[in-house]
Amino acid sequence: MRSDDTIFAIASGYGRAAVCIIRISGARSRFILETIAGSVPDSRRASVRLLREPASGEPLDQALVLWMPGPNSFTGEDQAELHIHGGLATRAAILRVLGSLEGCRAAEAGEFTRRAFLNGRMDLSRVEGLADLIDAETEGQRRQALLQLEGRLGNAAEGWREDILQVLALIEASLDFSDEGDVPDGLEADILRRLKALGDELGRVLANRSGERLREGLTVVLAGPPNAGKSTLLNALAQRDVAIVSPIAGTTRDVIEVHCDLGGLPVVIVDTAGLRESGDVIEQEGVARARAKAEGADVVLWLVPPEGAASEPPVARRLLRIATKSDLNRIREDCDLEVSATTGEGLPELIRALEAEAEAALGQGDALLTRERHRRALERTHSSIVRAMEMLAFDEPVELIAEEVRLASRAVGEITGRVDVEHMLDRLFSSFCIGK
Ligand SMILES: Nc1nc2c(ncn2[C@@H]2O[C@H](COP(=O)(O)OP(=O)(O)OP(=O)(O)O)[C@@H](O)[C@H]2O)c(=O)[nH]1
Ligand SMILES: [K+]
Ligand SMILES: [Mg+2]
């Protein structure tokens with residue numbers, strides 16, 4: 001695979017459709033339009049063209065054609081789009097012709113966006129925002145992904161990096177003033193103040209985990225004794241026949257997950273094996289998985305059947321006790337809610353309770369971090385800042401403190417995928433030259 005190939009791909013999804021959009025990017029985009037569309041339309045003006053097989057001149061389709069020269073295109077390269085008719089034979093014919101042209105090939109997954117990143121059109125955080133936007137299944141996820149695509153995290157990370165580099169410049173500048181090799185007192189207070197403000201801010205950002213949860217969904221685990229009605233309730237909540245239901249205790253062994261949209265927030269509902277001692281090794285494994293799932297869950301719904309629960313509920317962050325099969329009219333005490341999956345009684349209340357849990361855990365989308373990757377980079381940034389403050393307090397050598405601050409700038413740069421830290425330092429120091 002060559003990175004200077006011109007690539008093409010269907011951008012509008014597969015299957016029969018009214019219109020199919022083929023996206024093209026690379027140096028031969030103009031040549032492709034000249035070859036199959038006869039001529040290149042005005043830049044960024046949708047124009048109708050008859051597409052022809054280059055060798056025979058035979059018509060392939062009537063299409064809307066776009067020409068978007070670089071560098072102000074999505075990928076930064078010359079780009080074209082063919083809006084063709086969405087029939088399977090039409091698209092197959094045009095893809096075949098494109099593939100037969102020299103220097104042109106089908107794109108790999110993510111290759112358009114990879115080129116956009118490599119050409120500096122998008123930083124890594126925006127690339128991730130774009131991926132999340134395409135995957136977004138709920139309103140909350142859509143909003144969060146769009147904010148990230150628009151650069152909310154990327155801009156914040158760039159701002160932190162600029163602050164860190166300013167501190168670094170001050171530390172390096174103090175080399176010129178200091179005889180003892182440590183930071184002179186006059187500068188030390190200023191540097192400490194800046195580091196402290198930054199450390200506090202990053203600490204606040206790290207404390208908010210709702211962005212990652214919103215991206216992945218709130219996990220709600222259905223747990224309880226065998227035959228409590230877990231699988232029946234899962235099917236009722238999912239409004240689909242996902243899990244096998246039977247009067248036989250020990251029906252469910254595997255962990256079954258269903259993604260739901262509750263009030264615009266993503267919730268993953270997990271059905272598990274009924275908790276009991278069992279001689280059956282497969283059921284034992286199911287029970288072990290059920291316990292592990294419950295322990296990692298955001299919310300456990302502990303299902304209590306009419307005959308009561310023989311075992312204790314698992315350890316959980318949040319636990320709601322749900323009396324099941326309320327149509328059987330047996331009173332259970334100490335339950336938060338009563339439901340009947342058979343009649344639907346209590347289901348709206350249960351859904352509202354879950355919506356409230358999701359709202360509380362996922363917040364209003366004000367979190368900056370949406371992935372473990374961001375968190376790890378920012379944690380390293382934060383600990384380097386804290387260490388640099390300690391080193392300053394202990395009058396350690398300037399060079400060592402500078403190195404620690406440099407580590408912080410590199411770690412925060414990973415969020416946007418910036419690698420040219422050194423270049424940035426060059427620019428900064430050229431405008432910051434003191435005395436020499
Ligand atoms: N009357 C009544 N019966 C129910 C209700 N929910 C489930 N049942 C019945 O209870 C039995 C067990 O239901 P399941 O959903 O398989 O229970 P489970 O907790 O998943 O059981 P295991 O997977 O074996 O642990 C089945 O016969 C269901 O039809 C309900 O709301 N009312
Ligand atoms: K069952
Ligand atoms: Mg079950």
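## Surroundings of ligand 1

In this predicted model, ligand 1 is surrounded by 23 residues, of which the closest are Gly-229, Ser-231, Thr-232, Thr-252 and Gly-274; a residue is near a molecule if its C-beta atom, placed from the backbone, lies within 6 Å of it. The shell around ligand 1 divides into eight nonpolar, 12 polar and three charged residues, where Ala, Val, Leu, Ile, Met, Phe, Trp, Tyr, Cys and Pro count as nonpolar, Asp, Glu, Lys and Arg as charged, and the others, Gly among them, as polar.

## Confidence and conventions

The protein has a mean pLDDT of 91, with 94% of its residues at 70 or more, pLDDT being the predictor's confidence in each residue on a scale from 0 to 100. The model scores ipTM 0.99 and pTM 0.81. Over residues 427–436 pLDDT stays under 50, and for this stretch the model has nine contacts beyond four places in sequence, two residues being in contact if their C-beta atoms, placed from the backbone, lie within 7 Å.

Residues are numbered from 1 along each chain as its sequence is written, while chains are lettered from A and ligands numbered from 1 in the order in which they are written. Because the model is predicted, local features need pLDDT of at least 70 and side-chain atom pairs count only at pLDDT 80 or more, whereas totals for chains, interfaces and linings use all residues.

## Helix 12 and its two partners

Helix 7 (residues 185–207) packs with helix 12 (residues 372–393) at an angle of about 150°, their axes 9 Å apart, which makes helix 7 roughly antiparallel to helix 12. Helices (H or I, at least four residues) and strands (E, at least two) are DSSP runs, numbered from the N terminus; axes are lines fitted to C-alpha atoms, for helices over the stretch in contact, with angles from 0 to 180 degrees between N-to-C directions, and an angle over 145 degrees counts as roughly antiparallel. The crossing of helix 7 and helix 12 is left-handed, meaning that the near helix is turned anticlockwise from the far one by less than a right angle. Among the residues making this contact are Leu-195, Gly-199 and Leu-202 of helix 7, together with Leu-378, Ile-385 and Met-389 of helix 12; by class, the contact has 13 nonpolar, four polar and four charged residues.

Helix 12 also meets helix 13 (residues 398–416), their axes coming within 8 Å and crossing at roughly 165°, so that these two helices are roughly antiparallel to each other. Here too the crossing is left-handed. The contact includes Leu-378, Ile-385 and Leu-392 of helix 12 and Ile-401, Ala-408 and Ile-415 of helix 13, and its residues comprise 14 nonpolar, three polar and four charged.

## Helix 4 against helix 5

The axes of helix 4 (residues 124–135) and helix 5 (residues 139–149) come within 7 Å and cross at roughly 155°, which makes helix 4 roughly antiparallel to helix 5. Helix 4 passes helix 5 in a left-handed crossing, with contact residues that include Arg-126, Gly-129 and Leu-133 of helix 4 and Arg-142, Ala-145 and Leu-149 of helix 5. This contact is made up of five nonpolar, four polar and four charged residues.

## Backbone features in two loops

Most residues other than glycine have a negative phi, and most peptide bonds are trans. Gly-70 and Pro-71, however, are joined by a cis peptide bond with omega about 0°, and Pro-71 lies in the loop between strand 4 (59–68) and strand 5 (79–85). Asn-227, although not a glycine, has a positive phi of about 65°; this residue is found in the loop between strand 7 (218–223) and helix 9 (230–238).

Definitions and conventions:
Angles under 35 degrees count as roughly parallel, over 145 as roughly antiparallel, 65 to 115 as roughly perpendicular and the rest as oblique.
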